[in-house]
Every structure is written in structure tokens, then in C-alpha cells.
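Subject: Structure for you to look over

Dear colleague,

I am handing over the structure below, and after it you will find my notes on what turned up when I went through it.

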Amino acid sequence: MHGGWNSTVEALAGGVPSVVFSQWSDQAINAKMIEDFWKTGVKVKKREGDGMVEGKEIKRCVEIVMEDGEMRRNAEKWKELARQALGNSGSSALNLQSFVDDVRNKTTIYKNSHDEHVKKG
């Protein structure tokens with residue numbers, strides 16, 4: 001995978017060990033998190049000089065991901081943590097509700113039944 005945030009979250013939530021070939025933006029940081037922090041995947045190393053990736057490097061990375069039992073266990077652990085966070089009382093649900101409540105409590109301008117602009121808050 002390229003290591004964009006959506007792909008990273010999908011791999012974590014799915015419990016899938018990953019081979020990451022980052023290109024730009026947040027992808028290098030996400031790849032570092034996958035390899036060094038969550039330990040659920042491995043980064044592809046580019047050839048010096050031209051930045052190309054050789055077939056033997058891809059083979060090396062796939063073999064690591066397929067054979068590393070600790071990496072698979074870590075992927076399963078993060079899968080379970082993601083499922084807990086997404087549950088009704090999980091941190092994602094609570095944080096989203098907190099955000100919605102905060103937005104609702106901020107000042108808003110709307111039209112009332114007389115088509116007048118009214119300021120709330």
C-alpha cells in the first residue's frame with residue numbers, strides 16, 4: 001500500500017500486516033508508524049540515486065510480512081483496539097459525539113419563521 005491515512009486505518013482496523021511504499025505527504029510518517037510504532041508492517045526501501053524499488057526488495061518485504069508471527073499478532077491486537085474504539089462507548093464514538101455537541105453549542109446564525117436572521121449562542 002502507499003501508506004495514506006485511509007489505507008493505514010483500513011489495514012489497522014482489518015488486522016492486515018502491510019508492505020508500505022510511501023510516496024509523499026503524510027505517507028512517510030504513516031509508514032514509520034506502521035513499521036516502528038505499531039509494528040504491523042514493513043517499509044519498502046528505495047534504491048539510492050533514482051528512488052526506484054527493485055523486485056528483490058518487494059520480495060523481501062512480502063516475505064517478512066507473511067512469515068513474521070509477531071507482526072501478525074500486533075495486527076490482530078490493533079484490529080481489536082480499533083473495534084473497541086468504534087463501538088458505541090468507544091473513544092471514536094465518544095469523541096465524535098463530543099465534537100457534534102461542541103458544534104451545536106457554538107454560535108450559529110439561521111433564519112427564523114419570519115425569514116429574519118437570528119443569532120444563537
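Is Gln97 buried, partly exposed or exposed? With a relative accessibility of 40%, Gln97 counts as partly exposed. This residue belongs to helix α5, which covers residues 91-105, and the side chain of Gln97 is joined to that of Asp101 by a polar contact of 2.8 Å. Please bear in mind throughout that this is a predicted model.

As to the overall layout, the protein contains five helices and four strands, and these follow one another along the sequence in the pattern α-β-α-β-α-α-α-β-β. The protein has 121 residues, of which 25% count as buried.

The aromatic residues come next. Searching the whole structure gives three aromatic pairs. In one of them, the ring centres of Phe37 and Trp78 are 6.4 Å apart and the ring planes stand at 45°, so this pair is classed as tilted. Because Phe37 lies in helix α2 (residues 27-37) and Trp78 in helix α4, the pair ties together parts of the chain that are 41 residues apart in sequence. In another, the rings of Trp38 and Trp78 have centres 6.0 Å apart, and since their planes meet at 65°, where over 60 degrees is the cut-off for this class, the pair is edge-to-face. Trp38 sits in the loop between α2 and β2 while Trp78 is in helix α4, so here the parts tied together are 40 residues apart in sequence. Phe37, Trp38 and Trp78 together form one aromatic cluster, and its members fall into separate accessibility classes: Phe37 counts as exposed at 53% relative accessibility, Trp78 is partly exposed with a relative accessible area of 21%, and Trp38 is buried, with a relative accessible area of 9%.

Helix α4, which spans residues 69-86, also packs against α3: the axes of the two helices come within 5 Å of each other and cross at roughly 65°. The two helices are therefore roughly perpendicular to each other. On the α3 side the contact is made by Ile64, Val65, Met66 and Glu67, and on the α4 side by Gly69, Met71 and Arg72. Sorted by class, this contact of α3 with α4 comprises four nonpolar, one polar and two charged residues.

Lys46 is partly exposed, its relative accessible area being 40%. Leaving aside residues up to four places away in sequence, Lys46 touches Phe21, Ser22, Gly51, Met52 and Val53. For one of these, Phe21, the C-alpha atom is separated from that of Lys46 by 8.6 Å, although the two residues are 25 apart along the chain. With Ser22 there is a polar approach as well, in that a polar atom of the Lys46 side chain lies 3.2 Å from the backbone oxygen of Ser22.

Methods
Residues numbered from 1 in each chain as written. Predicted model: local features only at pLDDT ≥ 70, side-chain atom pairs only at ≥ 80, totals over all residues. Heavy atoms only, no water. Buried < 20%, exposed > 50% of the residue type's maximum accessible area, 1.4 Å probe, protein only. Contact = heavy atoms within 4.5 Å. Polar contact = N/O pair within 3.5 Å; in protein donor to acceptor, adjacent residues only side chain to side chain. Axes fitted to C-alpha atoms, helices over the stretch in contact; angles between N-to-C directions. Parallel < 35°, antiparallel > 145°, perpendicular 65-115°, else oblique. Nonpolar A, V, L, I, M, F, W, Y, C, P; charged D, E, K, R; others polar. Phe/Tyr/Trp six-rings, centres within 6.5 Å; stacked < 30°, edge-to-face > 60°.
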